Amino acid sequence: MQAPGGPGMEARWTSSAKSGVGTALTANSRIWFTISHGILNEIYFPRVDTACTRDFGLIVTDGSDYFSEEKRHAEHHIEMIDEGVPGFHVTNLALDGRYRIEKRIITDPLRDTVLQEVRFEPLHGSLRDYRLFALIAPHLVNAGAHNTAWIDDYKGTPMLFARGLFGASLAVACSIPWRARSVGYVGSSDGWQQLAQHKQLVSCYSEAPDGNVAMTGEIDLAATGGEPFLLALSIASRPQEAAYRALATMQAGFKAALKGYTTGWRAWQDSLLPLDRPQAGRINHYRVSTSVLAVHSPVSFPGAVIASLSVPWGTDKGDEDLGGYHLVWPRDLVETAGGFLAAGAVNEAKAVLRYLHTVQEADGHWSQNMWLDGEPYWRGVQMDECAFPILLMDMLRREGHLSVDDFERFTPMVQKAVRYLVCNGPVTGQDRWEEDAGFSPFTLAVEIAGLLAGADILELAGHKRDAQYARDTADCWNDEIERWTFATDTPISERLGISGYYVRIAPPEQGTAASAMHGFVPIKNRPPESTDQPASQIVSPDALALVRFGLRAADDPRILDTVKVIDDMLKVELPQGPVWYRYNGDGYGEKEDGRSFDGIGVGRAWPLLTGERAHYEIAAGRSEEAGRLLKTLESSSNEGGLIPEQVWDSEDIPERGLYRGKPSGSAMPLVWAHSEHIKLLRSLHDGRVFDMPPQPVERYQHRKITASFRSWRSNNRVRTIPQGKTLRVEVMAPAIVHWTIDDWKTTQDSPVEAAAFGIYLVDLPTEQAPVGTRIGFTLKWLEQERWQGENYEVVIA
């Protein structure tokens with residue numbers, strides 16, 4: 001009988017507040033699970049970027065009056081089944097004290113099956129007083145709409161089935177006979193509706209085609225005798241194959257699957273460096289972090305690591321949010337590779353480099369984010385993501401992990417990336433928070449460090465001209481950082497009694513402002529009246545990247561003044577210690593009343609930034625303070641040790657599950673934060689910042705190298721240069737620069753010459769020109785034999 005009420009209510013995802021994530025470390029098992037509120041949430045197959053379920057939980061009734069849903073009506077306790085092994089023992093104790101549900105959750109290392117060993121224990125009355133139901137919501141693949149569910153048997157074993165539009169099918173089997181089975185449409189005829197109203201399945205529907213569907217099966221509690229039983233969920237391209245996998249896993253038994261699962265994980269954890277620290281509680285945070293990195297890095301897709309097995313604020317997100325955070329961000333990916341390398345997982349870090357080599361775009365950049373196969377999801381360009389892969393190769397090279405063949409294989413990747421940087425930087429289309437274009441201290445630090453690291457690689461490969469040009473460009477950009485991003489004479493600096501500070505981001509130089517520092521920054525995710533703000537009034541911990549990547553010393557007076565501003569405006573003291581905001585006025589977070597972020601909100605505190613601040617303290621020689629911040633970072637995790645993207649910073653709102661200092665509704669776990677945690681452990685162990693590139697330290701802090709010129713480009717039209725500097729005009733095609741220094745009374749023609757990376761340049765001899773001199777010029781393009789038709793002006797300042 002077909003279920004009524006199709007297609008059901010609009011589909012939604014579920015809580016991003018995961019307490020456990022897991023998978024087997026075998027290529028035979030291409031299935032991942034997440035746990036939240038004591039039940040399974042999204043299950044991913046056949047790739048870690050494709051969610052196939054919303055949730056899979058249990059409902060308890062007495063058949064007449066009692067209704068209890070374990071995810072809503074129980075206290076939840078979770079712990080790893082073994083240290084560093086992301087299989088989980090979950091205990092759900094009913095709030096009314098009537099029952100306890102114990103689960104052990106793993107995946108079958110030999111098959112695409114999530115396996116639960118479940119034991120139901122009545123704490124009041126006996127088994128015969130209760131009825132137990134499994135409720136499963138398929139969302140195949142990354143879609144809650146247009147699923148079809150039905151009941152059927154496989155080789156005589158009753159099962160629940162579902163199929164999606166995109167070639168995936170799901171089967172659920174139980175080791176104890178089902179007393180009843182039904183499928184229906186969410187919000188109208190699904191099992192939850194029947195159980196909430198009638199406390200039993202009064203109508204058993206056999207089919208629910210093309211909608212937002214749910215599947216329900218009643219487990220014969222009497223047949224369990226109080227002993228554990230198994231629930232197996234398998235996914236495959238055909239329903240018959242999914243059913244085969246579920247049945248084969250159940251027949252092999254939980255013990256066999258558990259042995260294979262734990263053996264693989266123990267072997268991998270044993271291969272890592274022993275960075276474990278004395279534990280104040282039951283959680284070994286190091287082993288949780290390493291397992292999080294490995295879970296998000298599919299064995300079947302080496303080197304690809306997604307940002308999080310979650311959809312932030314998923315309860316209010318539907319099929320329009322295909323990606324959530326289960327996508328690859330090149331920045332997060334390189335940060336994760338650093339975490340692997342810090343833990344001694346060299347092969348995993350090298351796999352990331354191989355993956356980046358493969359998915360690099362033809363012009364040398366990497367997409368803002370992408371599916372595992374490299375298909376872009378969002379198509380913005382972030383210049384730090386173009387430089388990070390260079391730093392990864394250089395780190396592997398310096399640590400001696402690249403063979404001669406490796407070096408030769410990856411050098412063309414670096415050459416293309418450096419070319420993209422020098423041709424398109426220093427302005428970024430988006431900062432690392434993916435919001436604004438302009439001059440970002442964080443992005444500039446990564447770009448410049450990437451150019452210097454790339455220059456070393458190119459020089460070793462014999463590309464000396466390219467290497468020199470990359471270094472020259474890095475020097476020029478490094479000299480300009482303060483002009484682009486350091487604010488002085490502002491109300492903030494006056495109030496704090498400091499000389500100035502680095503801002504979050506300054507807009508690209510344009511004619512509407514005297515300089516980048518006098519421009520405005522659009523604040524995203526805020527009401528219209530709160531958008532454009534003066535660049536000089538917006539600050540961020542991002543400025544500490546200038547220290548992290550070696551461009552400025554930790555005790556540089558400009559850095560010290562900026563730290564005062566950061567702490568004054570962005571630090572919040574929470575029960576676990578200090579945590580920082582991304583920037584003042586941030587809108588990416590829950591609303592004031594705790595409602596989910598929906599495009600407008602209030603930015604909350606990021607534990608990741610506590611880890612970054614700890615690294616600054618190490619650079620400043622204050623390892624004891626860094627150790628305290630490590631404890632704050634670890635104490636920002638949830639009961640399973642998972643670190644969230646953001647933590648709640650206001651008064652408790654229990655009805656929304658928000659508690660001061662505890663995870664908010666954003667992504668959890670955030671793989672990037674766990675990578676930062678591992679690197680912090682390694683940095684404290686080594687007594688130095690683990691991933692600080694040495695080239696900027698040597699060049700700018702020790703040798704204090706500066707550039708003799710300032711560069712004018714069509715994408716970075718400087719309007720002033722310091723006295724004593726040469727004006728370098730750089731273009732992308734042969735041209736003649738027609739120029740003057742006396743208001744066109746006299747002129748000179750200077751042809752450009754080929755430099756490197758397809759760039760042409762000429763240095764105009766302006767170093768002797770006095771302050772106030774106006775250099776006017778235009779361009780004649782030789783290949784088209786045409787004039788630019790526009791004059792430009794640069795003033796000696």
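Q: What covers the buried residues of helix H16 in this predicted model?
A: The cover includes helix H5 (285–295), strand S23 (577–580), helix H15 (607–619) and helix H17 (671–686), where helices (H or I, at least four residues) and strands (E, at least two) are DSSP runs numbered from the N terminus. Residues are numbered from 1 along each chain as its sequence is written. Because the model is predicted, local features need pLDDT of at least 70 and side-chain atom pairs count only at pLDDT 80 or more, totals for chains, interfaces and linings use all residues, and side-chain values use heavy atoms, with hydrogens and water left out.

Q: What makes H5 oblique to H17?
A: Their axes, which are lines fitted to C-alpha atoms over the stretch in contact, with angles from 0 to 180 degrees between N-to-C directions, come within 9 Å and cross at roughly 135 degrees. Angles under 35 degrees count as roughly parallel, over 145 as roughly antiparallel, 65 to 115 as roughly perpendicular and the rest as oblique, and therefore H5 is oblique to H17.

Q: Why is H7 called oblique to H8?
A: The axes of helix H7 (residues 346–359) and helix H8 (residues 383–398) come within 10 Å and cross at roughly 140 degrees, so H7 is likewise oblique to H8.

Q: Which residues make the contact of H7 with H8?
A: With contact meaning heavy atoms within 4.5 Å, Ala349, Lys350, Val352, Leu353 and Leu356 of H7 meet Pro389, Leu392, Met393 and Leu396 of H8.
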